[in-house]
Amino acid sequence: MGSAVRKTTLREIRGTFGRFFAIMAIIALGVGFFTGVRITTPAMVNTVNSFLAEKQLYDYRLLSTLGWQEDDIADFKSRPDVRAAEGAYSLDIMAGGYVFRAHSLTDNINGLRLAEGRLPQAPDECIMEKGKLPLGTDIYLSDENSDSVKNALKSNKFTVVGTAESSMYINFERGTTSVGNGEINAFIYLPAEAFDIDVYTEAYIRFDQDFAIYSDEYESFMDGRDKQWENITQSRADLRYGDIYAEAESKLNDGKAELEKNRKEGQEKLDSAKLELDNAKTQLDEQLAQLEQIKDIMPEQYASGMEQYNAGLAEYESGLADYEASLADFEKQISDAEKDIQKGENDLAKLKKPEVFVLDRNTNIGYACFENDSEIVAQVARIFPVFFILVAALVCMTTMSRMVEEQRTQIGVFKALGYSEGTIMGKFMFYSGLAAIIGCVLGYGAGTYLFPKIIWKTYELMYIKLQMSYLFDKKLALIALAVSLVCSVGTTWFSCRMELSETAAGLMRPKAPKAGKRVFLEYVGFIWKRMKFLHKVSIRNIFRYKKRFFMMILGIGGCTALLVTGFGLKDSIAGFAEMQYEDIQIAGGSASLRNVGDEVPAELERVLAENTEDYTLLYTGSWDLLYGKKVKSITVNAADSFECMEKYFKFRSMDGSQLAPPAEGEAVVSHSISERYGIKAGDTMKLRDENMRELEVKVSGVFENHVYNLVFMSRSTMEQQLGEKLPVNYSFINFKDGADTSMASAELSKCNNITSVMVFETLKERLSKMMSSLDYIVLIVIVCAAGLAFIVLYNLTNINITERVREIATIKVLGFFRRETSAYVLRENLALTAIGTAIGLVLGVFVHGFVMAQIRVDMVDFSVRILPKSFVYSVILTFIFTFAVDMFMEIKLEKINMAESLKSIE
């Protein structure tokens, strides 16, 4: 590019900075939105990956029904590709009114991030989940714990010496348990010395790899290892089984031998004692016979002899009694020993082959959920940036087309002076390319920094708080730059090539104005004839410049669609708690129960009668839904009868129709389970609890529900498959009209059979407040929509005014006042805004539906709805943006020199 051309280009930028800024701004907005939403998912995954890599989250969690020993851990560690293998203890305990999952501290796997305090050093110290209990709190084991749990710990009191976050629990879910009401409140970590267990309850394996989580490289590395490690763990468990069997059989054989030996020795001793007693009896009988012979002859000797005889007889009877007692004791001991031997033989016969479970990271609920949740933004990124990229391309094309048309004469002069077409085109391509590059740099920097940080704020509602690290993606930056240059330089080339094909003389002559055409409305005479002249001009101008028409429709329509989507997001998200606890789960609250048998305890019945209007009893528990190779924690509610359930929970399908209660062997599931895990009515669903007990039930229906993943079935269905009675541990309750729910809740909590009370009104307020943080996303959408509308309107209105300067100057010469001049030009903007808004409202409904299909917050199922007021707000804001641009443009109209209309085109 020559120096003269370069100077004119720089002068052009200064002289038409508004146009230059419009290109730069639309590129910055498009690139910022595109790269911002594109980088958010990788940035979130990178943030979590850095944490999990630093703390060395396990690759496999190995379980065996027989546990693991040090030899097993050593064998696992010796296997190829294993970086670390550690045995660990875990135990679910009840303490201080909570249910905790207690883990033993490990050295190199599943590390903790200490929040405050220190790690435990003594067996009676623990580290608590962050935000649960303060330092120095003493927690005592509850008497409700089983003897096996009490015996598994060396202390019944633990002092909180630190709080931490665990790499095993990156979200708020804590898994399932058979302790208490099945809900784990928090995790704690204890030193390994705090456990009094002979074998490790689990083993963790970390392979020698540092691939990013969820990456193809990691999946490829893990591919095929499940079967390999199932064989390894099964072989180690079989060895352990063989050792246990052999040891038990050896002890049993030793017991049998000892029994026979003791039986023989005891029998010999008893026989010897019996012989001595028989001999003594014979001697006494002989002595008595002799005494009878001298009874009358020697009475004194007879009396003396009878004294001796009676003493001997008493001694004999005492010995005989001892013998009979010893014989009975001997026979009892032999019988007991034989029973013990028989029991040992039965136990040995019942000793089952061990089961092993090789659980990968996908069975960790936090890990599995984050993969799905982090994809939400990636899904949204597939459609939103299309608006901005398309509009950016059209803005650039319209702007540069107009610029080239304005500079026809200058282009002709350059061609006449001998400048090549490449040099002349380079002038315009430099203009648009420079704007694109500046806009791309600004947009990429702002978008990739702000978007991830703002969106990560919403995820901190569900996941542990991690410092979002800035991620620079070279590939994404190059793509953004390429798209920016295509939108600017590419459209510039497209606009210039037709003009440059003309001769220098043709370019220096003015281009013939576009011929006017009749519009459809002109054929509707009774309307057209009644319209004012200036209104007719505006209508003809709207349809005369078709490129500007479609550009305005697309820009304004996209703006309105984004606004509808943003407000629709707020409608769908903000109101879900009200819908749940006012229309569906209409009970006043719930109570978690304990120690309730087939008969309701009198104390519990009294307290419920005094403080509630009515109630119903259920079983509730956390179970894992098995789908594919993954698991999902859900809540199972089982009732004796569903006749009165309408007082507490309304079962209705998504179309609002009444849903029949589940029959024997059936269950109904919430919409979130059906939608996310592909479980429909008529399917068979498999559930498993932490004790590896499994249920298989047929899904009879899907009900509307917005909070928690729920399954309802009858207690008899569960008891029949499990082969045991289910405890009643939960109750829906309705408070009395006008009652103070806080006081009633406090009174209920005093009952020994009630562990906790939840007031649904309080929960509704808490959820609504929690979800208010999602206003960040709504704000982003509204700001981007405002930016899009302003840039498009400003640019097109600016072009419209620039290309009609002579026309506007003419009507000013003819005596049009300021308001009339503005109305003459800007009336077209209002008409185009109205058309674009109408199209945008329809488009927004579809965009909102798509976006809501991608937004899946775990444990929450949002309703897809847009309230009428949201459509009204969207229309009002769109017109406000239009009026703002029009007011800004009125200043430019006022500055147009009327002398322009008197100039002739030379």
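Colleague: Which residues of helix H3 are buried?
Modeller: This is a predicted model. In H3, which covers residues 70-77, the buried ones are Asp72, Ile73, Asp75 and Phe76.

Colleague: Where do they sit around the helix axis?
Modeller: Looking down the axis of H3, the buried residues fall within an arc of 160 degrees, so they line one face of the helix.

Colleague: Why would residues three or four places apart point the same way?
Modeller: An α-helix has 3.6 residues a turn, so residues with that spacing point the same way.

Colleague: Is Glu129 buried or exposed?
Modeller: Buried. Its relative accessible area is 7%, and the cut-off for buried is under 20%.

Colleague: What is Glu129 in contact with, leaving aside neighbours within four places in sequence?
Modeller: Glu129 contacts Ala164, Arg174, Asn185, Ala186 and Phe187.

Colleague: New topic. Which residues make the nonpolar surface patch of about 440 Å²?
Modeller: Tyr449, Leu450, Tyr470 and Phe472 make that patch. Phe472 lies in a loop, with helix H11 (421-459) on one side and helix H12 (474-500) on the other.

Colleague: Now Met898. Where is that?
Modeller: Met898 is in the segment that follows helix H26 (868-895). Met898 is partly exposed, with a relative accessible area of 40%.

Colleague: What does Met898 touch, beyond residues up to four places away in sequence?
Modeller: Met898 touches Ala809, Lys812 and Val813. Val813 is 85 residues away from Met898 along the chain, yet their C-alpha atoms are separated by 6.0 Å.

Colleague: Zoom out for me. How many helices and strands are there?
Modeller: The protein chain has 26 helices and 20 strands. Of its 906 residues, 50% are buried.

Colleague: What does the C-alpha trace span along its principal axes?
Modeller: About 180 × 65 × 50 Å. The chain has a radius of gyration of 43 Å, whereas a compact globule of 906 residues would be near 29 Å.

Colleague: Last one. Take contacts between residues at least 6 apart in sequence. What share joins residues at least 24 apart?
Modeller: In this chain, 82% of those contacts do.

How values were computed. Residues numbered from 1 in each chain as written. Predicted model: local features only at pLDDT ≥ 70, side-chain atom pairs only at ≥ 80, totals over all residues. Heavy atoms only, no water. Buried < 20%, exposed > 50% of the residue type's maximum accessible area, 1.4 Å probe, protein only. Helix = DSSP H or I, 4+ residues; strand = E, 2+ residues; numbered from the N terminus. Arc of directions from axis to C-beta. Patch = residues over 30% accessible without salt bridge, like charges linked within 9 Å, V, L, I, M, F, W, Y side chains within 5 Å. Areas by Shrake-Rupley, 256 points an atom, 1.4 Å probe, with all protein chains shown as cover. Salt bridge = Lys/Arg side-chain N within 4 Å of Asp/Glu carboxyl O. Rg over C-alpha atoms; globule rule 2.2 N^0.38 Å. Contact = heavy atoms within 4.5 Å.
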